[in-house]
Amino acid sequence: MSKELIRLRDCVMSYGDEVVLDHINLYINDKEFLTLLGPSGCGKTTTLRIIGGFLSPTAGDILFDGVRINDVPPHRRAVNTVFQRYALFPHLNVFENVAFGLRIPKDGPDGRKVKVPEREIHNRVMEMLETVNLKGFEKRPVSALSGGQQQRVAIARALVNRPRVLLLDEPLGALDMRLRKDMQNELKRIQQEMEITFIYVTHDQEEALAMSDTVVVMDGGRIQQIGTPEDIYNEPKNAFVADFIGESNIIDGVMRADGVVEIFNRKFQCLDKGFGRDEPVDVVIRPEDVDIVDEAAGQLRGTVTSVTFKGVHYDTIVDFYGFKWLIQTTDYCPVDSRIGIKIDPDGIHVMRKSQYSGMFGDYSSYSEEYEELDVVEDESGEGEGDDPWEGGYEE
Amino acid sequence: MKKQSRLGGRLFIGLTFLFLYLPIFLLIVFSFNAGDSSAVWKGFSLDWYKALFQNRLIMESLYTTLLVSLLATAIATVAGTFAAIGLYSLSRRKRDALLVVNDIPMMNADIVTGVSLCLFFVAFFQGWGAFAQWFNGVQSAIELPTRLTLGFGTMLLAHISFNIPYVILNVAPKLRQMDKNLVDAAQDLGCTWMQAFWKVILPEIKPGIVSGALIAFTMSIDDFVISYFTAGSSTSTLAMRIYSMTKKRITPEVNAVSTLLFLSVLLLLALNSAREARQERRAARQEIREPSFFEKLSMRLSSPAWKWIRRGGLAAMACAFVAVVALLTGAAWSQPVVNVCSWGEYIDEELITQFEAETGIRVNYQTAESNEALYSLLKSGGADYDVIVPSDYMISQLLEEGMLEELDYSRIPNFEKIDPRFRNLPYDPENKYTVPYSWGTLGLIYNASMVEEEPDSWGALYDDQYAGGVLLINNSRDALAAALLHLGYSVNTTDEGEIREAFSLVADASRRGVFQGKVMDQVFQKMEGGNAAIATYYAGDYLSMLDNQADGVDLRYVIPEEGANWFVDAMCVLKDAPHYDSAMKWINFIASTDANLANMYYIGYASPNTEALERYPDYYREREEGEELDPELYEIMAAPPEVLERCEMYTVLPPATRALYNELWIQLGT
């Protein structure tokens, strides 16, 4: 990829005893679309605010183009932000909101304040409004706009300053589902057109997978995994990532040899290597990687406890020896029927044990988990208000 | 049934509002009364308003009120706004706790705030005095003033301090409503914090700031109690001035100034609620609308092209504000001043104007309520008067305590005109400290239409046939003096037995219900209105009652056979008076024959000036356009020598006797 633009080195953020960021190391490349993904209180917004300059890390450095910028105030950083609830200026109309940044004199190369000429301001604002499809709305008060339109104004207001990096803090959180999908495409298009770096904060894994070049999964103030969307999905590093990204059945297993893992006292072929002999591991099996077969032909046998029609497939919950799996299949299996399953070696992903082992991957309370994910996140960004993440995952 | 209850409800509401507004309505109506009665309508006139604007004491206090309110509002608005912003950067728990703390001063009784501020200032001044003395001792480059007193500055500080909570209270909700990210957004777009404040925070919280400022201004204009305790002796706000004007009787002039005060406060409140209503309406309908003319104008003005005009306008406004303040205060400071403390209605105010015109010295004229009030004011160290006009016995006391400065009689040539009768009196045997201002007697005032035979003895005060009709003077010295005289003792006796005997005379009468009440200034209304038959009071005040007596009332004045008290009020200068030279000029001016004539005519008390006493009947005829002065009245005003013979002047009583007086007086109850 292209060259490195921003680096966080051993960044720690703490308020008294409460550690919000725990030794974050991260680099962000130029023109990259990077997403900070995680549940409420994971530290993603704090990370973003450190990059934006609204917070200064308790320890560690933040570098921009190789220069330490810990003490550079927000207004001197080549970074602009799209805020969670837009934070448009209510007393200004659309045009003046977008023009706001341009009207502030900036430090020129000779140290003198440089102002953008009025004509240029006009052209750049109009151009930007065209980019975000808001032409003709210049004179409207921002309070008279819909949520999606306000969102576009916020983006235009940030981008018109031609930042090197655009920070987006849950920008689509307040929009309805349809609008959110449209805006995802739009944002991706804008990012590619403008050729700048986007750092995007969200708790929505689908959004993260759909838009990002790189996804950083965070939890408990730590980075759990950095990778491309495909890496993150296919090769989760631990039970947390596996569970947070998509649906996963996570089962205790033991590595008997390279390519052989034992679950429920039964050996399965897999592709994973390099584990110790008889090392206890977490085994991830994605619901779509399980084939349902006759009970007799199955590698494992269980009882169907619930079936939900999802359109493309059925969400089928199957009880194997007291452990409930989610299986996504196009075959309909009635409740209480006995079935067998087969799993191909590439459908099995083995992870080392971690602090998250045993916390996720059981579908005893499947429906609640969905609800939990739909809760719109509200990170106050103050740090103090960051509740420790309390999910329903453990059930 | 239902209809009836609705009618009852309306009646109830009607009565409630009547109860609330009828007094104010009456006040407004009577401010337009042609006569000087506050009970009888004599036709419409604007005379009292005219008189108001010619009354220099009122205009001066109006100016003080406006200045203190404007300054306090401006400073409190800035301080309160930033304090509120500071509060909002704290955590919610701390902020909520502090907002509760912020509410306390507003709920607190004004009197507590006033007294505590006064205490605080006085304590600070004492500390400062010690510091300044030490500082002036160790170096000579800078001379710090060692004596600070309560005054405009302390009152301003007090107003600022009680205004700030109101500003915070009004700004805080606007900050709460404001999206916290707005400031971050502005900084993100290149603003420094200060730029963000001007461009984003200020427009957002402006409505709160404006209403906070309006309320602070209203509170300042309205305040009496806190000003009273912190203004010291030489500054008066309008409310304080009105209060001192009502001491004797509520004149239509007071009605007029109260009406104006009421209307201006009403206007401010109406302005504020109109603004709030407009904002609510605007918030209620979010739809796009055609901007009003003013909004278009302000949009134009806020466009960058107009920036210089805008900045110029702001700068011009700031300059104008500073200039006005500088002019007002500068005018007050650059001029030589003399601080005078006298009694209410005790000078023809024309004289002040005349003196100022002649000498260029500004007269800061204040009034005290009584000798005792003046004394405690002086003792508290809160006064910075030059000239005071205490009565004889108080002069003795002040002299005993070394509080008076010797006068430079070479600069008071008019002292020569003081009648020998009024020189070298017991309170100042060598006449080194005083120049007499006026003199008079304490006698019996009675309503001839309410008493059968004319009383010629102090005994009338304790006579059961007047039960419920006698007003006891609410001043232990005067009340016991009458009793002592009646018993044939000296008014200055220190014999405990005699004093106790006199006291039981009063106490017994009180038990028998002879007295209607203990009064000082209410004596005017009671006697003028025919609500009481007999009272003890001063001759000069009798004359002014005579001018105001209601129909059917026939007030007379008599010096009883047993004799009476006579008194002299004299001008003195306090030790360390800040303006000694001006004080000498003032005293000489007031001692002149012309000034004495004017004062005699205005206040009804006799002058100690020989020429003035001789010329007064002619002067009276001139002023009254030919009407002759009633010789009997003139004798009451200026008692002839043979009457004065029978009268005794108070001397200062020894502390033990004073304590006895106090103890007995408290026993008497209210």
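Biologist: In which sense do strand S4 (residues 59-64) and S5 of chain A pair?
Modeller: Strands here are DSSP runs (E, at least two residues), numbered from the N terminus, and two strands pair if DSSP finds at least two bridges between them. This is a predicted model, in which local features need pLDDT of at least 70, side-chain atom pairs count only at pLDDT 80 or more, and totals for chains, interfaces and linings use all residues. Residues are numbered from 1 along each chain as its sequence is written, while chains are lettered from A and ligands numbered from 1 in the order in which they are written. S4(A) and S5(A) are joined over two bridges, and their sense is antiparallel.

Biologist: How many residues of strand S9 (residues 165-169) of chain A are buried?
Modeller: A residue is buried if 20 or more other C-beta atoms, placed from the backbone, lie within 10 Å of its own. In a regular strand the side chains alternate between the two faces of the sheet. On one side of S9(A), Val165(A), Leu167(A) and Asp169(A) are buried, as are Leu166(A) and Leu168(A) on the other. The number of buried residues in S9(A) is therefore five of five.

Biologist: Which residue of S9(A) is the bridge partner of Val82(A)?
Modeller: Strand S6 (residues 79-82) of chain A and S9(A) pair in the parallel sense over four bridges. In S9(A), the partner of Val82(A) is Leu168(A).

Definitions and conventions:
Buried ≥ 20, exposed ≤ 12 C-beta atoms within 10 Å, placed from the backbone.
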